[in-house]
Amino acid sequence: MTTAIGVVITDHIAAARLEDLRLAGKVLRYPGDPDRVEPLEAIPDSELVDLLAGQIESLASGKAGPVDAIGVAVPGFVRSGVVEESPNLPQMKGTRLADQLTSALKERGIAAPVHIANDADAIAAGVAATRGRLDKLTRVWTIGNGIGYGRWPHAEGVWEGGHITVTLDPKERYCGCGGIGHLEGIVGYRAMRMRFLDLEPEEVFANAKNGDMRCRKFVDLWHRALAAATASFIHLAGPGRFCFTGKNVGFLELSLLRTHLETMVRMSPLQSFWLEILPPDDETALIGRA
Ligand SMILES: [Zn+2]
């Protein structure tokens, strides 16, 4: 039996023990109360490492036996255990997370190897593993404050799909990274709040349903942006499965997305794509990370 501890950092932290890719025991969550608003970006990186080490320690200790590996999923661009960029957790930029967490765990008497990966990649791996599709290309969009893009199987590269350019309009400048015309600058939650200073994103989508023209126009743009980014990845790596998840996946209307996507992908060998909404739970990412 292989025992791993998976940790997923999104707008909260979830950690669990997994035995042979199944959740064993309950999922630890920080903040413990889902309604408590305590943005993780306010926690200095060294405290965040301590917090992670504490959660892992409580899952690793006890009678359950030793742990073989520890996997941590982080929103951002991760390479060789270093968080090279993370627009939505800016304090993590440059953090040598694998090294720091390994030494924090060593102080607590835990010696299992630590692997760091991108959070959306972890979900893609989790989808592939739980559906028995480890041989097939699976891509994931995570729709939250930022927009994450993940893929399975792992491939060398940057894959910052949330920052793909979907418009040449110079006024599109709401992306968290500062880039012009980015997907996240239209679809990301923070970007929507900056665009509609008078409405919360939930109100924008509700007003659109009630026929408000300004909001309807934006909801259409939102879907077209996501379709454009998806079409670009279809034109690069081919059709296949795309899963949509994340805290704000409720905004997504799959039929509207598909309508736009069909206008953008016209080559018949590329039209066999599959779109699917995944409920935004932590379990898939935890399994993928393990
Ligand atoms: Zn960007």
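Me: What radius of gyration would a compact globule with 290 residues have, and what does the chain have?

Reply: The radius of gyration is taken over C-alpha atoms, and the globule rule is 2.2 Å times the number of residues to the power 0.38. For 290 residues that rule gives a value near 19 Å, and the chain has 19 Å, which agrees. Along its principal axes, the C-alpha trace spans about 60 × 45 × 30 Å. Do keep in mind that this is a predicted model, in which local features need pLDDT of at least 70 and side-chain atom pairs count only at pLDDT 80 or more, while totals for chains, interfaces and linings use all residues. Residues are numbered from 1 along each chain as its sequence is written, and side-chain values use heavy atoms, with hydrogens and water left out.

Me: How many helices and strands does the chain have?

Reply: Helices (H or I, at least four residues) and strands (E, at least two) are DSSP runs, numbered from the N terminus. Here there are 9 helices and 11 strands.

Me: What percentage of the residues is buried?

Reply: Buried means under 20% relative accessible area, exposed over 50%, and partly exposed in between (1.4 Å probe, protein chains only). By that reading, 51% of the 290 residues are buried. Of the contacts with a separation of 6 or more, 62% are between residues 24 or more positions apart.

Me: Which residues of helix α1 are buried?

Reply: First, the general idea: an α-helix has 3.6 residues a turn, so residues three or four places apart point the same way. In α1 the buried residues include Leu48, Leu52, Ile56 and Leu59. Their cover, and that of the other buried residues of α1, includes β1 (3–9), β2 (13–19), β3 (22–30), β4 (69–74) and α2 (97–107).

Me: What should the 16 residues of α1 span?

Reply: The expected span of a helix is 1.5 Å times one less than its number of residues. For α1 (residues 45–60) this comes to 22 Å, and its end C-alpha atoms are 22 Å apart, which agrees. After α1 comes glycine 62, with a positive phi near 100°.

Me: Which residues have a positive phi although they are not glycines?

Reply: Aspartate 20 has a phi of about 45° and serine 80 one of about 50°. Aspartate 20 lies in the loop between β2 and β3 and is partly exposed, at 44% relative accessible area. Serine 80 sits in the loop between β5 (77–79) and β6 (82–85), and at 73% it counts as exposed.

Me: Is asparagine 248 buried or exposed?

Reply: Asparagine 248 is buried, with a relative accessible area of 7%, and lies in the loop between β10 (241–245) and α8 (254–264). Leaving aside neighbours within four places in sequence, asparagine 248 is in contact with Ile143, Gly144, Asn145 and Tyr189. Compare glycine 32, which is exposed at 54%.

Definitions and conventions
Contact means heavy atoms within 4.5 Å.
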